[in-house]
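Hi everyone, thanks for coming.

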Amino acid sequence: MRTQLVLSCLVFVCIVLCEVVVGAGNVLRNNFYKSTRCPNAEQLVRDITWSKAKNDVTLGARLLRLHYHDCFLRGCDASVLLDTEGTEQSEKEAGPNLSLGGFDEIDDIKRQVEAKCPGIVSCADMLALSARDVVSFPYKECKNALLELIVCMQFKTSMWEVETGRKDGNVSLASEVSSNLPLPDSNISTLQQLFAKKGLNVNDLVALSGAHTIGFAHCRAFSKRLFNFTGKGDMDPSLNATYAESLKKSCTNLANIVEMDPLSSTSFDSNYFNILINQNKGLFQSDASLLKDTNSVNVVKKLQNDRAFFVEFAKSMQKMGAIEVLTGNAGQIRKNCRVKK
């Protein structure tokens, strides 16, 4: 009897330990690739990404947006990169995703990584890493002034840790985009609901909106605010009138593009929050909606400080990058990010 009890206990302990070991392999972690046949995978992705960023100051905004749109649909599984196969259109064919960019750059990064480490690095990890690395690229030289210290640090080091171990998904449906993706004309209630569905709070909503401090937008994404806000040919009264008139002049053609953060669209800083709350120059209705809620307003005020913004943006990017990820035996590793394995 005693022998049977001891054996039962040993079996139980073995099962628990096995479950712990298996479980440990099914979560994201730092330096996931160190124990693979491609221990320098993250350095490789960073070097390739930086080589591209040198000649393209718009790449940061494009890769951040690509990563963001990916994570809000079925989690961060690189499904946004898949081309349409058969009759069902993929995510990238949906209206809100037609203006996405960075696909060619991701393809090239993948080709170079595959050449050195075939079949090891997932497209999902590569997208998460390159989005971080392109924002962390040292575009400008550091100054000695104390006020520039945090900015110098930001552009010399990775802005946030990217835990790796994601697998690629093989489902990509354009029909799922509109109901899951926060859009430029979303109001504060819709934004809060969509973020909450992904485990993100108001602080994350505001911090991630700060990505609008870099990049450009097509006029069609916000033209309603300028020309037909309530369907009567009127302008959104919450938009700075002088700013609105300058936007109208730039948007005689809705295919034209404008800076999302006027005069600061290539510098990753807190200027977005300053012009939003002090000048009502949030380009999108979703930007302006952050001023419609007491909690979000408090976060906007807090993130007017560069250092606070960098810290909170980093935390929120880590949370977003872990949304509904596929790990372990789930998912696949594509050799071509556009095509299912």
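Okay, start with C123: its relative accessibility is 0%, so it counts as buried, and buried here means under 20% relative accessible area with a 1.4 Å probe, protein chains only. Before going on, this is a predicted model, where local features need pLDDT of at least 70 and side-chain atom pairs count only at pLDDT 80 or more, while totals for chains, interfaces and linings use all residues. Residues are numbered from 1 along each chain as its sequence is written, and side-chain values use heavy atoms, with hydrogens and water left out.

So which cysteine does C123 join by a disulfide? C337, with an S to S distance of 2.1 Å; a disulfide is a pair of cysteine sulfur atoms within 2.5 Å. C123 sits in helix α5 and C337 in the segment after α15 (306-320), so this pair ties together parts 214 residues apart in sequence. Helices, by the way, are DSSP runs of H or I with at least four residues, strands are runs of E with at least two, and both are numbered from the N terminus. The S-S torsion of C123 and C337 is about -100°, so that disulfide is left-handed.

How many disulfides does the structure hold? Four. Among them is C38 with C117, sulfur atoms 2.0 Å apart. Here the S-S torsion is about 65°, so the link between C38 and C117 is right-handed. Both C38 and C117 are buried.

One more: C219 is joined to C251, and that link is left-handed, at -75° about the S-S bond.

Terms used: Buried < 20%, exposed > 50% of the residue type's maximum accessible area, 1.4 Å probe, protein only.
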